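Subject: Structure handover

Hello,

Here is the structure I promised to pass on. My notes follow below it.

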Amino acid sequence: GDDIASLFQSDKVALARYNLRDCELVWDIFKQEKLLEFAIERSYLTGLLMDRIGGSVAAFEFAYLPRLHRQGYVAPNLGELESDIVSPGGYVMESLPGIYNNVLVLDFKSLYPSIIRSFLIDPLGFWRAEHEGLDGEDIVPGFNGAFFSKHHYILPTVIEGLWRARDEAKRQANEPLSQAIKILMNSFYGVLGSTGCRFYDPRVCSSITLRGHEIIQTSRDRIEDLGYKVIYGDTDSVFVWLSGDVDQNLAAEIGESLALDLNQWWRAKLDNDFAIDSALEIEFETHYLKFLMPTIRGAETGSKKRYAGMIDVGGERRMVFKGLESVRTDWTPLAKQFQEVLYERIFLDEPFEDFIVQTAAEVL
């Protein structure tokens with residue numbers, strides 16, 4: 001700041017050169033990350049001006065209102081619904097703390113959009129089921145007293161179209177469009193759970209989150225029935241421990257096999273229980289060679305959303321930290337560096353006691 005003020009007083013040409021370079025660097029970032037192309041694609045998708053593409057509620061209404069009107073319905077006014085029902089957030093499983101060899105992460109692809117597609121969760125479908133007194137084979141049950149029509153809905157169709165468009169964007173290597181579609185699809189749950197949206201109804205949005213809770217818990221039970229141990233689960237992922245001597249190739253085979261089994265199992269279950277098609281898609285995402293699930297500080301209970309692991313990327317060992325000090329901005333560089341070195345030594349079975357003592361002494 002002082003340098004800039006000094007240039008303003010003594011050398012405005014140098015200050016202009018500095019400012020121009022600043023703009024060029026920003027433009028280089030835009031080009032490399034295709035940010036302008038992303039903004040254009042998102043503007044097309046949402047119907048919003050390029051400087052307003054972050055408006056999730058407006059984007060939802062752009063996609064939903066015309067389709068609602070074509071079915072002969074008028075949307076409610078903002079704030080017409082009052083409810084004392086609270087919609088919970090994503091499910092986070094109690095973790096089993098410890099250091100593990102060979103932990104697999106299985107991840108549900110776009111879980112909330114796939115729940116909306118599978119279970120036909122939709123404001124219009126909810127209203128139709130309620131107002132027309134639908135029951136039996138004509139409805140899909142939700143939660144908190146919600147039911148959804150099997151034959152009259154909008155949102156699952158919108159998501160299905162966006163899903164296909166994203167797959168096509170990926171095939172064409174159109175990363176800006178693929179990312180724009182992903183953001184739009186994943187915003188729909190948040191919009192339905194926002195009091196700033198005219199379609200807000202906690203019975204509708206809780207039918208998404210509570211179904212997510214059920215899917216993660218039931219998937220854990222299925223995996224454990226197959227003889228594996230689930231040590232953690234977080235919103236749309238489950239962490240599976242492979243005990244015994246397992247090499248990297250075998251771990252990948254088990255991960256792919258578990259994903260295939262779960263996808264087939266969920267298809268059969270949804271067809272049998274509700275006579276609906278499953279859009280749930282679980283993928284084998286990561287194999288941690290070494291994995292640490294810490295305890296809550298000062299307690300024996302396992303932590304949540306905080307873990308570390310070591311993965312193999314093309315023959316190179318790499319550390320991964322989630323929620324721990326090394327990736328937080330409110331810890332010192334020393335704390336981050338200390339944690340990274342300490343965990344790496346522990347994962348590689350290298351001596352670490354002298355490193356701790358030496359670091360403590362240098363700090364003092």
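Gly 314 has a positive phi near 60 degrees, in the hairpin of E7 and E8, where 2 residues lie between the strands. E7 and E8 pair in the antiparallel sense, over 7 bridges. Strands pair here if DSSP finds at least two bridges between them. Helices (H or I, at least four residues) and strands (E, at least two) are DSSP runs, numbered from the N terminus. Ala 308 stands opposite Phe 321 in E8.

Before the rest, some ground rules. This is a predicted model: local features need pLDDT of at least 70, side-chain atom pairs count only at pLDDT 80 or more, and totals for chains, interfaces and linings use all residues. Residues are numbered from 1 along each chain as its sequence is written, and side-chain values use heavy atoms, with hydrogens and water left out.

Strand E6 (residues 282-293) and strand E7 (residues 307-313) run antiparallel and are joined by 3 bridges. Phe 291 has Gly 309 in E7 as its bridge partner.

Aromatic pairs

I count 21 aromatic pairs in the structure. Rings of Phe, Tyr and Trp (its six-membered ring) pair if their centres lie within 6.5 Å; planes under 30 degrees apart count as stacked, over 60 as edge-to-face and the rest as tilted.

Tyr 288 and Tyr 307 have ring centres 6.5 Å apart and planes at 80 degrees, so the pair is edge-to-face. Tyr 288 is in strand E6 and Tyr 307 in strand E7, 19 residues apart, and the pair links distant parts of the chain. Tyr 288 is buried, at 4% relative accessible area. Tyr 307 counts as buried too, at 10%. Buried means under 20% relative accessible area, exposed over 50%, and partly exposed in between (1.4 Å probe, protein chains only).

What kind of pair do the rings of Phe 321 and Tyr 343 make? Their centres are 5.7 Å apart and their planes are at 40 degrees, so the pair is tilted. Phe 321 lies in strand E8 and Tyr 343 in helix H11, so the pair ties together parts 22 residues apart in sequence. Phe 321 counts as buried at 12% relative accessibility, and Tyr 343 at 13%.

Elsewhere, Phe 60, Tyr 64, Trp 127, Phe 188 and Phe 199 form one aromatic cluster.

Charges over rings

The charged end of Lys 12 sits over the ring of Phe 8, 4.5 Å from its centre. Arg 211 lies over the face of Phe 119, at 4.2 Å from the ring centre. The test is NZ of Lys or CZ of Arg within 6 Å of the ring centre and within 35 degrees of the ring normal.

Two residues to look at

Ser 206 is in helix H9 (residues 202-225). It counts as buried, at 0% relative accessibility. Beyond its neighbours within four places in sequence, Ser 206 contacts Ser 87, Pro 88, Phe 143, Asn 144 and Arg 211. Contact means heavy atoms within 4.5 Å.

Thr 235 lies in the loop between E4 and E5. It is partly exposed, with 24% relative accessible area. Not counting residues up to four places away in sequence, Thr 235 touches Gly 90, Tyr 91, Leu 111, Tyr 112, Ile 216 and Lys 305.

The whole chain

The protein chain has 12 helices and 8 strands. Of its 364 residues, 42% count as buried. Its C-alpha atoms fill a box of roughly 75 × 65 × 45 Å, taken along the principal axes.

Best wishes
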